[in-house]
Amino acid sequence: MLHTIIQIFVQYQEGLMSGLAVSLKLIAIVWISGLFIGTFIGWYAHRKLLAGYCLKLGWLLVSSVPVLVILFWLHFPLQKIIGIVVDPFITAASALSVINIIFVSIIIKNALDDFPEQYAIAGRVTGLSEKEIFFSIKFPLIIRSVIPQLLFLQVAMLQATIFASLISVEEIFRVAQRINSLIYKPVEIYTVLAMLFLAVCLPLNYLAYWLKNKYTRNLSEK
Amino acid sequence: MLQAINIQKKIKNREILKQVSLTLQPGEIVSVVGPSGAGKTSFLRAISLIDIADSGSLMIDEKKYHFPLKIKINQEFPYPNLTVVFQQFFIWPHLTIRQNLLLPVRKNFDERHFTQLVRLFQMDSFLNRYPSEASMGEKQRTALVRALLLKPKYLLLDEVTSALDVEQAQLILGHLKEIANTGVGIVFVSHALHLASQISDKVIFLDQGKIVEEGTGDILINPKTARLKKFVAAAKLTN
C-alpha cells in the first residue's frame, strides 16, 4: 500500500499540488479576513451595545446552519435570485470568510467582555498609564485567553474548505475525487489526502492544545 | 492631608454611603471597621477614586475633587502617591511575583528598597513563581509589597490581613506601624477589631453606610453606642 501511495504522490503530484495550492489560497483568504476583520468587529461589538447584539444574532444564525447549506445557498439559490453567476472559488471564499469573521468576532468580543477590569484598576492605582495597562496587562491576558480558541477555529475552517469541492472549486478534495474516479484506489488516495491534512492541522492543533494548557494554568487566578 | 467630606454613594437606588467623612494626616493610621455590607470597601473605593461618589468632596494634599466628578481625559489622579491594596489582591496572573512587583516601578527602580522589602516580608522563596503557584498569604504579601515599593504617601488597605495566619498578621501590623512612622498615612479597612485596635490612631465604625461612632482605638474597648457595643460583644464571642 505504501508503494501505491508513493506512486500516487509521484504520478499525480502536479494535480495534487495544484489542488493543495487552491485549498491554501482559499484558507489564506479565510484566515486573513477572519483574523483581521473579525478582530476589528469583535472589538467594535465590545464597545457598542447595538453592534454587540447584531453580532450575537449573526453568530446564532450562522452557527445554527451547517456550513455546507450556507455554501450551497450562496452558490445556487442566491445567485439565481439575483441573476448573477459568481466564480465558485469566490463564493466559497466569501462564505467561509463570513463564517470565520463572525466566529472570530464573537471570540474577541467575549474575551473583551469577560476581561476582569480589576486587573486594570490594580494597574491604575499603581500609577501605570492607560497605554502601559493595555500593553502590559490587558493585551497579554486577552491574547492568552483567545489564541487557543482562535487556533482551534482556524483548523476547523481549514477542514471546512473541503466543502468547496461540492460547488466545483478545484481544491485538494475535489482533485482527490477526480484521481479516484480515474484509478479507483480510494484507500490510498484518501490516505494521501489525510496525510496532507495531518501535515497542516496536526501542528496547529498541538500548538493550540499546548497554549491552552500553558495559559490556563497561569491564568487560573482569573 | 487626605480629607473626605460627606461622601455619598448610591447603587441601584440603594444608599450605600451616607455622608461619610474622614481625615487622614501623614503618619496616621485610621481604621474603618464594621460588619460585612457596612460600606467599608465602597468608602475605600470612593476615597481612592476607583468609584466616583455621587456627592461630597475629597482633598488629597493640594488636589481637590468635588463630586459628582466628570472624568476628563488627562484627569489628574493621585496614583501612585495614593495607592490601594485590595482584599482580592489582583496580582496580575500572567506575570511572576517578581514581575508583579517590578512592573509599576520599572522606570524608577530602587534596588535597595526592593531587596529590603522582599527580605522583610520573607518573599525570596517565591519571587519566581506565578500567582497561581503561590499561597493566599504569599499573594497578600505580594499585593502589599507591590504597593509599598511605590513609596506612597497614602496607603489604603482593604482587609489586608484576611488571608494571613495570626503570626503573619502580627508581622504585617508591626510593619504597618513602622511604615506609618515614616510619614505614610494609612487607611486600614477591616472587620477584625482586635487588629484595628492595636494599630489605629483613629477608628471609624461604619454600619449601613453611615458613621455610627468614631474616636481613638479606645472606642473598641469602651464603645458608647449600642450598635458598636453589640458588634464588639459579638467579635469577642467569635474570638
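**Conventions.** I worked with a predicted model in which local features need pLDDT of at least 70 and side-chain atom pairs count only at pLDDT 80 or more, while totals for chains, interfaces and linings use all residues. Residues are numbered from 1 along each chain as its sequence is written, chains are lettered from A and ligands numbered from 1 in the order in which they are written, and side-chain values use heavy atoms, with hydrogens and water left out.

**Chain B overall.** I looked up the secondary structure and found 7 helices and 10 strands in chain B; helices (H or I, at least four residues) and strands (E, at least two) are DSSP runs, numbered from the N terminus. The radius of gyration of chain B, 18 Å, is close to the 18 Å that the globule rule gives for 239 residues, so chain B is as compact as a globular protein of that length. That radius is taken over C-alpha atoms, and the rule is 2.2 Å times the number of residues to the power 0.38. I noted that 54% of the 239 residues in chain B are buried, where buried means under 20% relative accessible area, exposed over 50% and partly exposed in between (1.4 Å probe, protein chains only). Among contacts (heavy atoms within 4.5 Å) in chain B between residues at least 6 apart in sequence, 63% join residues at least 24 apart.

**The 4-strand sheet.** I traced an open sheet in chain B with the order 2-1-4-5 and antiparallel pairing; two strands pair if DSSP finds at least two bridges between them. Strand 2 (14–24) and strand 5 (63–67) of chain B stand at the edges with a single partner strand each, so one side of each has no neighbour in the sheet. Strand 1 (residues 2–11) of chain B is joined to strand 2 of chain B by 7 bridges, and Gln3(B) stands opposite Thr23(B). Helix 1 (residues 40–47) of chain B packs on this sheet, its direction making about 60° with that of strand 2 of chain B. For such angles, axes are lines fitted to C-alpha atoms, for helices over the stretch in contact, and values run from 0 to 180 degrees between N-to-C directions.

**The 6-strand sheet.** I then followed the open sheet of chain B with the order 6-7-8-3-9-10 and mixed pairing. Strand 6 and strand 10 (210–215) of chain B are its edge strands. Strand 7 (residues 154–158) and strand 8 (residues 185–190) of chain B run parallel and share 5 bridges; Leu157(B) has Phe188(B) as its bridge partner. Helix 4 (residues 136–148) of chain B lies across strand 6 and strand 7 of chain B, at about 175° to strand 6 of chain B.

**Thr83(B).** I located Thr83(B) in strand 6 (residues 82–85) of chain B. Thr83(B) counts as buried because its relative accessibility is 0%. Its contacts, not counting residues up to four places away in sequence, include Val125(A), Thr126(A) and Tyr154(B).

**Cores.** In the largest nonpolar core, of 93 residues, Leu22(B), Phe43(B), Leu58(B) and Phe67(B) touch the most other members. Such a core is a set of buried Ala, Val, Leu, Ile, Met, Phe, Trp, Tyr and Cys residues joined through side-chain atoms within 4.5 Å. Helix 6 (residues 88–114) of chain A gives this core its largest share, 13 residues. A second, separate core of 38 residues includes Leu149(B) and Ala192(B).
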